[in-house]
Amino acid sequence: MDNPYDILLRISRVFEQLPADYVVVGSFASSLRGMVRATNDVDMVVDLKVDQIFPLVNQVAHDFYVSELSVRRAISLGRSFNLIHFDSAFKVDVFIPPPGGFGWQQLARRCPEQLSPDRPDRIYVATAEDIVLAKLDWYRRGGQVSTQQWADILGVMRISGPLDADYLHEQAAQLGLAPLLERVLIEADKP
């Protein structure tokens, strides 16, 4: 059975072959840059175009459930669609960034990262700063009650080393996250 790393690598290679820029975000990314935790899915922001729908579906349909209609709707509305691996039920959530959305910033700043020390394969992962900002946004959208989102944010801030504070403050102000950023900066400094 394929493990999550193999599935992520396979989907990443499909996007690279299309070609469609992608970046791994969400809990999988925060596990790579912060505290490792189990997750049943991976989130990706992908710059996918309408003319890439058929090639994408054609390349993954043997191993993944994919709805061509869902992909088409996601592209036209700047939303998301799923790829679900048949053998493992591991899910890949693909987010199409809406015009002017933060997803474009994540794509522009993405970094190639090695999946693990014993594997030479590389994928594009969001920067630590962009992971913090995106998770703060999810935390806010969820009513500021998710202890898991908060723990992910603190893990990235504490483990990824010094972050670009100017960028964090600038983007947090634009995204309406400044008060939450201040709160997490204070908590991240506590032992």
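Which residues line the second largest pocket? The views below start there. This is a predicted model, in which local features need pLDDT of at least 70, side-chain atom pairs count only at pLDDT 80 or more, and totals for chains, interfaces and linings use all residues. Residues are numbered from 1 along each chain as its sequence is written, and side-chain values use heavy atoms, with hydrogens and water left out.

**View 1. A look into the second largest pocket.** Here's the lining: Pro4, Tyr5, Phe28, Ser31, Leu32, Val36, Arg37, Ala38, Thr39 and Phe90. A pocket, on a 1 Å grid over the protein atoms alone, is an open set of points where a 1.4 Å probe fits, with protein on both sides within 12 Å along at least five of seven lines; lining residues have an atom within 4 Å of a point. This one holds about 170 Å³ of space, counted as the space filled by probe spheres set on the points, which are joined across faces, edges and corners. Helix α2 gives the largest share of the lining, three residues, and both α1 (4-17) and α2 supply at least two. Helices (H or I, at least four residues) and strands (E, at least two) are DSSP runs, numbered from the N terminus. By type, the lining splits into seven nonpolar, two polar and one charged. Ala, Val, Leu, Ile, Met, Phe, Trp, Tyr, Cys and Pro count as nonpolar, Asp, Glu, Lys and Arg as charged, and the others, Gly among them, as polar.

**View 2. Now the largest pocket.** Its volume is about 710 Å³. Of the 30 residues that line this pocket, Phe95, Ala134, Asp137, Trp138 and Arg141 sit closest to its centre. Helix α6 makes the largest contribution to the lining, seven residues. Elements that each supply at least two include α2 (26-33), β2 (41-46), β5 (91-95), α5 (102-109) and α6 (128-141). The lining has 13 nonpolar, eight polar and nine charged residues.

**View 3. Leu48 in the largest nonpolar core.** A nonpolar core is a set of buried Ala, Val, Leu, Ile, Met, Phe, Trp, Tyr and Cys residues joined through side-chain atoms within 4.5 Å. Buried means under 20% relative accessible area, exposed over 50%, and partly exposed in between (1.4 Å probe, protein chains only). Of the 61 residues in this core, Phe15, Val24 and Leu48 touch the most other members, and α6 gives the most to the core, with seven residues. Leaving out residues up to four places away in sequence, Leu48 touches Phe15, Leu18, Ala20, Leu56, Val71, Ile75, Phe81 and Ile96; contact here means heavy atoms within 4.5 Å.

View 4. Just after α4, Gly78 takes a positive phi of about 65 degrees.

**View 5. Glu129 in helix α6.** With a relative accessible area of 11%, Glu129 is buried. Leaving out residues up to four places away in sequence, Glu129 touches Arg109, Leu163, Asp164, Tyr167 and Leu168.
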